[in-house]
Amino acid sequence: AKTILGSSLSVFERLVLCLREYFKHECEQIFKEIILPVLELRYPTTPMQRDQFLLSLKRIFSDPQLVVELYLNYDCDNHASVNVFERLAQILSRLSGVVLDKRISS
């Protein structure tokens, strides 16, 4: 049985994978207000819920063009309110136990 979270993440995946050019601002806000804070453990979540977020990101990142677009559309855009690619790289490296060199970021 699919959970509400699972269904919501499926909708988000479709939005990012298929409609991102039309919903750039909305995708940015979902990353900023939901995805990144959950992965940074700012909101209380269970390990299973966090795993659902990570699996969703894995499916999204299976599209190499999307990874490039995340960087170009958010990290390189002076009007974007969050560096999605940089924050995701930091979070995922922390979750994996890999330490990123601070000189590379920013």
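**Notes on the helix packing and surface**

1. Val 68 sits in helix H4; helices here are DSSP runs of H or I with at least four residues, numbered from the N terminus. Bear in mind that this is a predicted model, where local features need pLDDT of at least 70, side-chain atom pairs count only at pLDDT 80 or more, and totals for chains, interfaces and linings use all residues. Residues are numbered from 1 along each chain as its sequence is written, and side-chain values use heavy atoms, with hydrogens and water left out.

2. Helix H4 (residues 64-75) gives the largest share of the patch, three residues.

3. Now for H1 and H2. The axes of H1 (residues 4-19) and H2 (residues 24-39) come within 11 Å and cross at roughly 145°; the axes are lines fitted to C-alpha atoms over the stretch in contact, with angles from 0 to 180 degrees between N-to-C directions.

4. On the H1 side, Leu 9, Phe 12, Leu 15 and Val 16 meet Cys 27, Ile 30, Phe 31 and Ile 35 of H2 (contact: heavy atoms within 4.5 Å). That contact divides into eight nonpolar residues, no polar and no charged.

5. The count of salt bridges is six, taking a side-chain nitrogen of Lys or Arg within 4 Å of a carboxyl oxygen of Asp or Glu. One pairs Arg 59 with Glu 13 at 2.8 Å, N to O. This pair links distant parts of the chain, H3 (residues 47-60) and H1, 46 residues apart.

Definitions and conventions: Helices (H or I, at least four residues) and strands (E, at least two) are DSSP runs, numbered from the N terminus. Ala, Val, Leu, Ile, Met, Phe, Trp, Tyr, Cys and Pro count as nonpolar, Asp, Glu, Lys and Arg as charged, and the others, Gly among them, as polar.
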